[in-house]
Amino acid sequence: MSETLVLDRLIKNVRVVRPDRSSVDRLDLGIKDGKFSQISPEISPDQAKEVFDAQNLLGFPGVVDAHMHIGIYQPLDQDAVTESKAAAMGGVTTSLNYIRTGQYYLNKGGSYKDFFPEVLALSEGNFFVDYGYHIAPISPQHIDEMQWLFEQHGVASFKIFMFYGGYGLHGLSEQQNLFLMINKEDRYDFAHFEFIMRSLSQLRERYPTMQESISLSLHCEVADILNAYTKIVQQDSSLTGLNAYSAARPPHSEGLAICIASYLAHETNCVNINLLHLSSRKAVEAALMMQTTFPHINFKREVTVGHLLLDVDAPTGKWAKVNPPIRPRADVEYLWNAVLQNQVDWIVSDHACCSAEQKASFRDPENIWLAKSGFGGTEYLLSGIVSEGSKRGMSYNQIAKLLCWNPAQRFGLFEKGDIAVGYDADLVLVDPNETFVVRAAESESQQGYTPFEGMELTGRVKSTFLRGNLIYDRGQVLGSPLGRYLKRSHC
């Protein structure tokens, strides 16, 4: 036996779901040095040190959750532990996290040369899944640091929060310089966005072999519209809860922001644009219109599991407050139709753990205006899409493309997102027939509630492997944190 022992682990009897196939095939998966090294219908157990029987469960590539926030409401090192455990229980093996200077996160302004090494130090040894960061250049100084972030730390994706220039994270605000921790004379405005785009175009020209994975993500809402409509809606006592919040941040604000961002991308030749968490029909229609108008721009369109599973009548109410808002059912069904028509490129959680005591106002707990924005959900990303997508005729292969392959390709993670020889042995085993009811009490997240509470989903994650290591199995996160920082450049 010792002469034929070549594999560290063998996972037998997997119904393998690959993003580029139209079938699901029963295969054995041989793993060596953290990679898939042998894939075939039958591999002898004698070849492996360890054998795991998948018992004909579906095997998806480890999910790449390309939109998360770690450390926004809790200390980053603590948040990394609990929220990456939640990721592991949901079959997520790669967590890409948006981060910025200013209030929340580390509550610091200043240079990324000081800020980002601290982020990496707080992250190291605390993630149960592999992780990377997207960074938002907030001040003019940060634009000058984009090349350094790419070359030194492999940060290849950047972000603009379009509404931050004149509207707060949770509602009306006139203190944006204090919130963003930038100088009084600095402006976070359309001109700043333009200069970010010009810098990104220069970075792509400087690194032609890597330019496909250098991209810019945008949260598309216009502050002027939000400010005006929030004042109107707050004076209308007939609108409450999620209905009121959706009306205060109306869909045409998304559409307008998408059009402005797209023209700026055209003007600056910033050709890799990611339109984040499209929440409404108007947002998707604007995004598709801009794709037609500017065919040379490589737009990618993102939606979240929250906007696909929840609507304004969700019984969990304020717990589902998020930016952009949860929308009426007609918008939800439009988003699903866009997914089915291949008009959406990937689906994410936009996970931002906000504990119950922080989320709602103690003195007025049902007041939507006093609730904070954002909620966790990475642990329900795969199950939610398998459950609701299957009802609508989505194939497992398409789910693998949207949750694994597409985000990995866009963000330069070329060893993630597929089950193939040479790829990281990231695997999630799913029972597509097991139904369960979402209960926050069963989550590894420290959030303590979920806007998905009580929802019945069919398609349960049973086991998660990270680079061949079993990190979650039948209700338990195993071992210590093994997550590695994903440097997305080869400088």
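1. In this predicted model, the span of residues 383–470 is 27% helix and 27% strand. Its end C-alpha atoms lie 19 Å apart. The span is of interest because of its annotation: an unreviewed UniProt entry places the feature "domain: Amidohydrolase-related" at residues 383–470, and such annotations may be inferred rather than shown by experiment.

2. Next, a look at a serine. Is Ser355 buried or exposed? With a relative accessibility of 6%, Ser355 counts as buried, since the cut-off for that class is under 20%. You will find Ser355 in the loop that runs between strand 14 (351–352) and helix 12 (356–359). Leaving aside residues up to four places away in sequence, Ser355 touches Gln74, Gln447 and Tyr449.

3. Now to a helix pair. Two packed helices are described by the angle between their axes and by the distance between those axes. For helix 2 (residues 112–123) and helix 3 (residues 140–153), the axes come within 10 Å and cross at roughly 40°. Helix 2 and helix 3 are therefore oblique to each other, because angles under 35 degrees would count as roughly parallel and 65 to 115 as roughly perpendicular. The crossing of these two helices is right-handed.

4. Which residues make the contact between helix 2 and helix 3? Helix 2 contributes Tyr112, Lys113, Phe116, Pro117 and Leu120, while His142, Glu145, Trp148, Leu149 and His153 come from helix 3. Sorted by class, this contact of helix 2 with helix 3 has 6 nonpolar, 2 polar and 2 charged residues.

Notes:
Residues numbered from 1 in each chain as written. Predicted model: local features only at pLDDT ≥ 70, side-chain atom pairs only at ≥ 80, totals over all residues. Heavy atoms only, no water. Axes fitted to C-alpha atoms, helices over the stretch in contact; angles between N-to-C directions. Helix = DSSP H or I, 4+ residues; strand = E, 2+ residues; numbered from the N terminus. Parallel < 35°, antiparallel > 145°, perpendicular 65-115°, else oblique. Left-handed = near helix turned anticlockwise from the far one by under 90°. Contact = heavy atoms within 4.5 Å. Nonpolar A, V, L, I, M, F, W, Y, C, P; charged D, E, K, R; others polar. Buried < 20%, exposed > 50% of the residue type's maximum accessible area, 1.4 Å probe, protein only.
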